[in-house]
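Some notes on this model follow, as numbered points. They begin with packing, then turn to the annotated positions and to confidence.

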Amino acid sequence: MPSGADEQVTMEAPHIYVERTLAIIKPDALHKADEIEDIILRSGFAVLQKRRVHLTPEQASDFYAEHYGKLFFPSLVAYMSSGPIITLMIARDQAISYWRELIGPTNTLKARQTHPECLRAIYGTDDQRNALHGSDSFSSAQREIRFFFPDSIVEPVATGQAAKDYLSKVVNPTLLKGLTDLAKKKPEDPVLWLADWLLENNPNKPRVRNPIIEYPD
């Protein structure tokens with residue numbers, strides 16, 4: 001660098017997303033569910049939704065449809081429908097990869113040799129009954145969460161600079177207009193007035209072009 005030149009370093013803030021993934025506490029580990037949930041929470045995850053279910057063989061087959069035709073498929077279906085399970089939609093940054101790392105290798109016996117501190121090594125029973133499930137990709141997480149929580153939103157939620165960019169572009173223009181009108185109107189209940197204003201002026205509000213007209217009997 002030439003003498004006297006100013007060095008300018010530009011650093012962009014990373015875009016951090018809160019991912020959602022599916023965790024399943026399988027039948028062989030159900031008696032340790034409270035202990036496992038505590039580990040999940042202490043590992044920085046939030047539990048967004050939770051269900052205790054007992055899958056039928058048909059439902060287990062549907063969930064593991066990608067493994068249909070493999071030699072282990074019948075025993076997998078029998079195992080997953082052998083008793084109740086707990087399904088959890090959990091979230092944190094890089095939730096999918098972090099949860100997979102926390103639970104460890106699929107085979108419990110191998111997990112005890114290579115990753116003795118992972119959850120499958122601790123709570124798994126044998127090579128197939130491995131105590132826990134974790135989605136292996138974003139597309140799998142979407143499908144699996146919707147399987148157990150059909151009304152859920154699974155797209156990643158922006159945080160940090162990504163959230164600031166979203167607010168600046170999408171939220172702030174409308175909000176500033178509302179706050180400007182609020183300052184002019186000076187209503188008795190400013191919070192309620194602003195809430196009503198935002199509902200009425202939501203740019204994403206559906207517009208009904210041909211409303212249904214109800215006629216009296």
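1. Contact here means heavy atoms within 4.5 Å. On that basis, and leaving out residues up to four places away in sequence, Trp99 touches Thr21, Leu22, Ala23, Ile40, Phe45, Ile90, Leu119, Leu132, His133 and Gly134. The model is predicted.

2. Trp99 belongs to the largest nonpolar core, which has 20 residues. Trp99 is among those with the most contacts inside this core, together with Ile25, Leu119 and Leu132. The elements giving two or more residues to the core are β1, α1, β3, α4 and α6 (119–123). A second, separate core has 17 residues, including Leu22, Ile24, Leu55 and Phe148. In soluble globular proteins, nonpolar side chains tend to be buried together.

3. Strand β3 (residues 85–93) is mostly covered, with eight of its nine residues buried. β3 pairs with strand β2 (residues 46–53) in the antiparallel sense, over seven bridges. Within this pairing, Lys50 stands opposite Leu88 in β3.

4. An unreviewed UniProt entry places the feature "binding site" at Lys26, Phe72, Arg100, Thr106, Arg120 and Asn130. From this set, Lys26, Phe72, Arg100, Thr106, Arg120 and Asn130 are taken in by the lining of the largest pocket.

5. Is Lys26 buried or exposed? Its relative accessible area is 4%, and the cut-off for buried is under 20%, so Lys26 counts as buried. Lys26 lies in the loop between β1 (15–25) and α1 (33–42). Not counting residues up to four places away in sequence, Lys26 touches Tyr64, Tyr79, Met80, Pro84, Ile85, Asn130, Ala131, Leu132 and His133. Of these, Asn130 is also one of the positions in the UniProt annotation.

6. Thr106 is found in the loop between α4 (95–103) and α5 (108–114). Thr106 counts as partly exposed because its relative accessibility is 49%, while exposed requires over 50%. Beyond four places in sequence, Thr106 touches Arg120, Asp127 and Asn130.

7. On confidence, the protein averages a pLDDT of 83, and 79% of the residues score at least 70. Over residues 1–15 the pLDDT stays under 50, and the model has five contacts beyond four places in sequence for this stretch. Residues 206–217 also have pLDDT below 50, with two contacts in the model beyond near neighbours in sequence. Where pLDDT is low, the predicted coordinates should not be read in detail.

How values were computed:
Residues are numbered from 1 along each chain as its sequence is written. This is a predicted model: local features need pLDDT of at least 70, side-chain atom pairs count only at pLDDT 80 or more; totals for chains, interfaces and linings use all residues. Side-chain values use heavy atoms; hydrogens and water are left out. UniProt positions are given in the numbering used here, feature names are shortened, and annotations may be inferred rather than shown by experiment. On a 1 Å grid over the protein atoms alone, a cavity is a set of points where a 1.4 Å probe fits but cannot get out, and a pocket is an open set with protein on both sides within 12 Å along at least five of seven lines; lining residues have an atom within 4 Å of a point. Helices (H or I, at least four residues) and strands (E, at least two) are DSSP runs, numbered from the N terminus. Buried means under 20% relative accessible area, exposed over 50%, partly exposed in between (1.4 Å probe, protein chains only). pLDDT is the predictor's confidence in each residue, from 0 to 100. Two strands pair if DSSP finds at least two bridges between them. A nonpolar core is a set of buried Ala, Val, Leu, Ile, Met, Phe, Trp, Tyr and Cys residues joined through side-chain atoms within 4.5 Å.
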